[in-house]
Amino acid sequence: VNREAFEGELAQRGLPVRVESRERLAVLVPFSGAPALTGDTLRRDVQSLAVKHGFTHVAIELTEEWCSRAAVPRSQPE
Amino acid sequence: MTSPHSDEGASSRARHAVVSEDVLLAREARLQAWLREARSVLLGFSGGVDSAYLALIAHEALGSERFLAVIGRSASYPMEQWERARQVADRYGIPVLEIDTDELNDEQYAANPVNRCYFCKTELWGRLQPLARAHHLAVVVDGTNASDLGDYRPGARAARERGVRSPLAELGFEKADIRELSRRRGLPTWSAPSSPCLSSRLPYGTPVTPARLRQVEDAERAVRELGIAGNIRVRHHGELARIEIDGAEIGAWLEPERAGLLREAVVRAGFRRVALDLRGFRSGSLNVLEGVQ
């Protein structure tokens with residue numbers, strides 16, 4: 001897996017997260033300001049990127065801070 | 001018995017459309033004939049979709065004198081599943097015996113190897129075969145169906161070694177057939193999600209302990225109590241719980257307020273960190289993660 005490249009591509013797409021690699025599971029630990037991944041398209045894009053970088057599973061950590069602050073981007077499909 | 005003691009492969013998928021009514025009913029008639037030919041049967045009964053249907057048909061075909069459903073209980077058997085099994089048995093008057101199984105005290109099982117299910121099933125069938133003899137029941141059966149046969153199922157080897165028969169699989173019943181026939185008969189299990197044993201939430205190599213199993217069960221119950229329906233799995237990655245729910249539910253539960261509720265529910269069950277899988281539920285998820293075919 002290529003954790004750093006995955007993290008970099010997510011940042012380029014407006015997803016500031018730290019990627020924690022647990023073998024082939026990627027856990028996205030959101031930085032403050034990371035958007036809520038409520039949109040199906042965005043989640044699919046993240047999954048595709050994860051596969052591209054060698055991960056079979058990708059999950060986002062529900063941190064206390066993120067749950068209280070995450071913004072729901074208006075552009076995300078409902 | 002397909003679940004909860006069975007391996008969690010892709011068994012729950014419906015691989016084909018339900019066949020016509022005539023074909024289904026003919027298949028059910030063949031099952032009844034198979035059971036009558038067996039003369040008397042002991043069923044490993046989990047309360048899942050397959051074994052509940054088989055219990056109903058076997059009881060109809062053989063009556064209470066020549067049929068016994070046995071529930072094997074242990075820390076890896078979800079309480080919710082036990083309640084469902086009892087509900088089915090009570091509603092249809094199915095004779096049931098409960099025994100405690102002891103797979104967690106088998107070091108080979110507790111070490112959680114890839115073939116963990118083999119050791120569980122060896123314990124289960126090793127207990128049920130003598131029980132069948134003691135009750136003068138000729139054949140021990142499980143609820144394995146034809147859709148299960150392509151999955152990675154080390155537990156099936158233990159069944160073969162013990163001479164356990166699988167009439168649903170032998171007669172070509174697919175999962176979708178069993179659900180449809182169960183629906184027609186009003187069995188409450190017809191639409192129940194699959195419910196494999198709790199050990200299937202632990203990655204291979206993570207020792208199976210009663211405490212970990214309880215943590216998973218508590219977390220899944222808490223998630224269900226939030227109102228999430230369908231398939232729910234809490235995968236145990238040490239201090240981190242990775243939640244899998246059905247894909248259609250994920251977006252809503254990533255809304256910050258609801259995500260917070262989800263987090264709190266799972267933290268209360270004893271996990272320090274909580275993550276939501278972005279793809280959602282997939283049967284055999286940990287097999288995929290660890291490259292087990």
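**Where chain B meets chain A**

**View 1. Polar contacts across the interface.** Across the interface of chain B and chain A, 13 residue pairs are in polar contact, both residues at pLDDT 80 or more. A polar contact here is a pair of N or O atoms within 3.5 Å; within protein, one must be able to donate a hydrogen and the other to accept it, and residues adjacent in sequence count only if both atoms are side-chain atoms. Keep in mind that this is a predicted model, where local features need pLDDT of at least 70, side-chain atom pairs count only at pLDDT 80 or more, and totals for chains, interfaces and linings use all residues. Residues are numbered from 1 along each chain as its sequence is written, chains are lettered from A in the order in which they are written, and side-chain values use heavy atoms, with hydrogens and water left out.

**View 2. A salt bridge up close.** The rule finds 3 salt bridges between chain B and chain A, each a side-chain nitrogen of Lys or Arg within 4 Å of a carboxyl oxygen of Asp or Glu. One of them links A:Arg22 with B:Glu239, and the closest N and O atoms are 2.8 Å apart.

**View 3. The big picture of the touching sides.** Here 28 residues of chain B are in contact with 27 residues of chain A (heavy atoms within 4.5 Å). Together they bury about 2,300 Å², with 58% from carbon and sulfur atoms; that's the accessible area (1.4 Å probe) that two parts lose on being put together, summed over both.
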